[in-house]
Amino acid sequence: MSCCKVPVLIEAQVEMVSANELENKSLFRQEEDATQTKEASLMEQGSLSTSFPQHTPKAPKNSVLNSIKIVIFCNKLNLLLPFGPLAILVHYMIDSKGWVFLLTLVGITPLAERLGYATEQLACYTGPTVGGLLNATFGNVTELIISIFALKNGMIRVVQLTLLGSILSNMLLVLGCAFFCGGLVFYQKDQVFDKGIATVNSGLLLMAVMGILFPAVLHYTHSEVHAGSSELALSRFSSCIMLIAYAAYLFFQLKSQSNSYSPLDEESNQNEETSAEDEDPEISKWEAIIWLSILTAWVSLLSGYLVDAIEGASVSWNIPIAFISTILLPIVGNAAEHAGAIMFAMKDKLDLSLGVAIGSSIQISMFAVPFCVVIGWMMGQQMDLNFQLFETAMLFITVIVVAFFLQEGSSNYFKGLMLILCYLIVAASFFVHEDPHQDGI
Amino acid sequence: MRSQIYFMFSNFFKSMGWCKVPGFMQAHVEMGLVDEVELKSLLEQETDSPQTKAASLMEQGSLREHRAKAPRNSVIQSFKIVILSNKLNLLLPFGPLAILVHYLIDNKGWFFLLSLVGITPLAERLGYATEQLACYTGSTVGGLLNATFGNVIELIISIIALKNGMIRVVQLTLLGSILSNLLLVLGCAFFCGGLVFSRKDQVFEKGNAVVSSGMLLLAVMGLLFPTVLHYTHSEVHAGSSELALSRFISCIMLVAYAAYLFFQLKSQPSFYTEETNQNKEMSEGDEVPEISKWEAIVWLTILTAWVSILSGYLVDAIEGASVSWKIPISFISVILLPIVGNAAEHAGAIMFAMKDKLHLSLGVAIGSSIQISMFAVPFCVVIGWMMGAQMDLNFQLFETATLFITVIVVAFFLQEGTSNYFKGLMLILCYLVVAASFFVHEDPHQDDI
């Protein structure tokens with residue numbers, strides 16, 4: 001981490017992956033890991049530095065076998081990997097969409113985590129700016145890929161609901177669990193976080209809601225100039241503006257990096273104590289790029305089957321598609337971030353938890369959603385920002401509630417419990433909500 | 001005369017001291033006694049002295065004791081203490097008068113008015129009885145008692161209306177109670193307090209206010225989703241979906257309220273010590289409550305029964321009153337009923353603000369709103385569920401929108417942690433706007449009775 005110099009806010013996601021790794025390593029098998037890390041570090045013996053930050057990472061030259069071992073085998077979560085091919089087999093052999101959906105979901109879960117790992121490794125080589133950008137883009141790449149596939153199939157509603165569900169899940173469930181678990185561990189005091197950053201993030205979320213709200217209201221007051229095409233044009237324009245806002249946000253974060261460098265040093269000091277690991281990346285730059293491509297291709301493949309199976313699963317399990325898209329998919333997609341945020345909170349690093357949860361929400365609402373609209377524009381798909389009244393109202397209330405909770409700059413288990421209960425209410429509402437605007441497939 | 005005031009003051013402060021009721025709920029309890037004190041100091045005092053002297057004679061030996069000595073009052077004594085020692089109780093005879101009118105004259109309007117007047121003192125007496133009982137039961141149960149009985153009048157009126165199938169009246173009454181507490185009571189408190197202390201801004205504890213606002217937002221969320229579900233016509237099973245959703249949300253809200261009480265009781269200590277230190281200076285009287293534990297329970301039961309009877313007649317008369325006075329039922333339910341039901345809390349909150357104890361005012365006003373929105377409303381849904389009445393959380397679009405805006409405005413006003421007369425005036429004017437809106441609002445979803 002220390003040698004990568006990635007921005008604090010985005011550091012969260014990067015740290016989380018390596019923390020995950022650390023956690024996983026410490027919790028699970030260690031014999032396997034020891035050999036690989038020892039091998040890797042042997043090669044970097046000469047460049048092991050006690051003083052950091054390092055300025056030129058030494059690229060370890062791993063053989064193909066080593067590389068596979070490091071990336072694939074040193075994480076217990078990867079036991080779920082075989083579910084991927086299994087799902088594809090099932091897809092062709094049995095006609096039960098429900099099973100295909102379930103297996104694909106399970107198969108994608110470890111890939112999200114590995115993608116994060118590969119991104120973080122690559123970020124070590126590319127310097128802070130590009131590293132931050134990489135993280136910002138690839139942080140939610142699973143949802144992005146699923147959305148683009150659904151877009152290609154013309155399942156616009158699924159795209160909207162999946163992205164919406166991801167925002168809601170990050171803001172309520174992930175944040176609530178983090179506050180709750182952190183509050184339980186430190187129940188004698190209120191945990192504090194940086195109020196300034198939280199306020200900026202809340203402002204961005206509100207701006208995203210504004211962007212999503214206006215096309216919906218325009219549609220529902222039947223007051224468009226050219227009925228039907230107006231809101232599409234408005235959506236595309238708003239999307240461009242939101243992308244610009246997101247770019248400005250990244251720029252602002254990276255520039256004001258230097259101010260938050262002092263807490264960063266503090267973090268690095270702590271890391272130095274806790275991590276007996278080496279400070280160099282484990283795989284070389286080209287390995288990282290190759291793995292990134294392989295993992296992305298693999299996720300795309302599985303997502304294709306996943307998206308195909310959504311309708312079938314909804315029918316065979318008797319659950320509304322809205323519920324599957326909004327609640328089930330994002331919970332799986334965010335599993336890794338979820339665990340990371342909770343761990344950070346329990347270590348009293350609430351700023352990082354916030355960075356993961358709220359940062360992810362901002363990424364989706366200010367980047368993924370407009371990006372999908374633009375991609376749809378290029379594909380010729382009629383994806384717009386009109387998320388329909390029910391969903392838009394939900395998002396609006398949720399953002400207001402969360403922005404309000406973040407205002408104070410402190411958290412305790414009660415606030416976490418409130419957020420989790422809010423999420424239960426949202427989930428229950430979607431369970432009885434039948435989407436009247438189903439895509440015809 | 002002065003000693004009387006100090007005696008009552010010390011009595012209540014000391015009883016507060018070792019009753020150990022949670023800070024924010026203390027407001028309700030304290031208010032009951034402060035009402036008494038204020039009324040005594042403002043109105044007649046001769047009638048009071050023999051009773052209080054008699055009561056204190058019995059407790060002479062128990063000065064500065066820490067366990068509650070239960071005074072053994074005779075029935076007459078008890079009656080005198082509870083009924084006659086409060087000038088407000090002069091309104092009590094209006095109750096039976098209302099019932100007489102109900103059977104003699106056929107004018108629903110008059111009957112409604114008299115019932116309203118008859119119920120007003122009962123609210124205050126119920127608060128007093130609850131506070132007395134709380135002295136015996138310890139802090140936890142005492143706090144719970146306060147939390148439940150604080151708005152028992154609205155609860156009773158609602159349950160009776162539910163039994164009659166007047167679901168809309170229930171929703172509107174509870175909604176009106178929330179609005180009245182948030183805007184009118186709070187606004188008056190801020191305004192009057194601000195006028196008395198016109199030179200500075202009064203401050204209150206921001207932490208509590210923010211948590212309370214969060215709870216209110218949660219309640220609004222719970223009310224909003226079934227409404228939006230209904231109005232986007234997007235239910236899976238039209239009609240029964242939102243009922244199922246409402247019931248599920250009600251259970252969640254009750255869980256949240258229980259967690260809120262737990263959280264408040266756990267994070268009590270700092271607030272409580274501050275109060276007792278202040279108390280020690282002013283108290284000279286005894287520390288025991290005025291009536292024994294069983295007396296308190298008996299009086300609580302009697303008063304509750306009396307309120308139920310009057311409420312029964314009241315609910316029956318709503319429609320008739322609306323017709324004879326030419327006012328929409330929604331206006332009566334949302335504006336008139338809650339103003340009366342909250343009269344005692346209203347007076348208490350204003351008095352606290354004028355004594356620069358703004359956190360107690362907030363405790364009364366916001367605490368009452370939370371009680372209603374997070375406890376009374378879901379509780380009524382659950383009771384309706386058991387009764388088979390189709391009460392849900394869909395308060396219809398107009399009312400839900402009003403509640404949403406109100407909560408946002410109030411949450412915003414509370415953010416800063418200070419108040420002045422201007423903020424109070426703003427809140428009162430907001431309430432006038434809300435009242436005016438309901439005056440011209442015809443509810444398209446009337447219950448058939």
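Start by selecting B:Glu416 and B:Lys423, which form a salt bridge with their closest N and O atoms 2.8 Å apart. A salt bridge here is a side-chain nitrogen of Lys or Arg within 4 Å of a carboxyl oxygen of Asp or Glu. Side chains of opposite charge can pair when their charged atoms come close. Are the two partners buried or exposed? B:Glu416 is exposed, with a relative accessible area of 51%, whereas B:Lys423 counts as buried at 10%. (Buried means under 20% relative accessible area, exposed means over 50%, and partly exposed is in between, using a 1.4 Å probe and protein chains only.)

Before moving on, a word on what you are looking at. This is a predicted model, where local features need pLDDT of at least 70 and side-chain atom pairs count only at pLDDT 80 or more, while totals for chains, interfaces and linings use all residues. Residues are numbered from 1 along each chain as its sequence is written, chains are lettered from A and ligands numbered from 1 in the order in which they are written, and side-chain values use heavy atoms, with hydrogens and water left out.

**Next stop: B:Lys200**

Over all chains, a search of the whole structure finds four salt bridges. For another of them, select B:Lys200 and B:Asp356, whose closest N and O atoms are 2.9 Å apart. B:Lys200 is in the loop between α8 (167-196) and β1 (202-203) of chain B, and B:Asp356 is in the loop between α14 (343-354) and α15 (358-387), so this pair links parts of the chain 156 residues apart. (Helices, H or I with at least four residues, and strands, E with at least two, are DSSP runs numbered from the N terminus.) B:Lys200 is partly exposed at 40% relative accessibility, and B:Asp356 is partly exposed too, at 29%.

The charged end of B:Lys200 sits over the ring of B:Phe197, 5.3 Å from its centre. (This label needs NZ of Lys or CZ of Arg within 6 Å of the ring centre and within 35 degrees of the ring normal.)

**Over to chain A**

Now select A:Arg157 and A:Glu391. Their salt bridge has its closest N and O atoms 3.0 Å apart. A:Arg157 is in helix α7 (residues 156-185) of chain A and A:Glu391 in helix α15 (residues 389-407), 234 residues apart. Both A:Arg157 and A:Glu391 are buried.

**Rings to look at**

Aromatic pairs come next: rings of Phe, Tyr and Trp (its six-membered ring) pair if their centres lie within 6.5 Å, with planes under 30 degrees apart counted as stacked, over 60 as edge-to-face and the rest as tilted. The count comes to 17 aromatic pairs over all chains. Select A:Tyr246 and A:Phe367: the ring centres are 5.5 Å apart and the planes are at 25 degrees, so the pair is stacked. A:Tyr246 belongs to helix α9 (residues 229-255) of chain A and A:Phe367 to helix α14 (residues 350-379), 121 residues apart. Both are buried, A:Tyr246 at 6% and A:Phe367 at 14%.

Then select A:Tyr413 and B:Phe263, an edge-to-face pair with 5.6 Å centre to centre and 85 degrees between the planes. This pair crosses between chains, from helix α16 (residues 413-431) of chain A to helix α10 (residues 240-266) of chain B. A:Tyr413 and B:Phe263 are both buried.

**Where the chains meet**

Which parts of chain B touch chain A? Helices α9 (206-231), α10 and α16 (397-414) of chain B each supply at least two residues, and α9(B) gives the largest share, 14 residues. The contact (heavy atoms within 4.5 Å) takes 32 residues from chain B and 31 residues from chain A. Together the chains bury about 2,800 Å², 84% of it on carbon and sulfur atoms. (Buried area is the accessible area, with a 1.4 Å probe, that two parts lose on being put together, summed over both.) How many salt bridges cross this interface? The rule finds zero.

**Last stop: B:Ser333**

Finally, select B:Ser333 in helix α13 (residues 329-341) of chain B. B:Ser333 is buried, with a relative accessible area of 0%. Leaving aside neighbours within four places in sequence, B:Ser333 is in contact with B:Val169, B:Leu172, B:Thr173 and B:Pro338.
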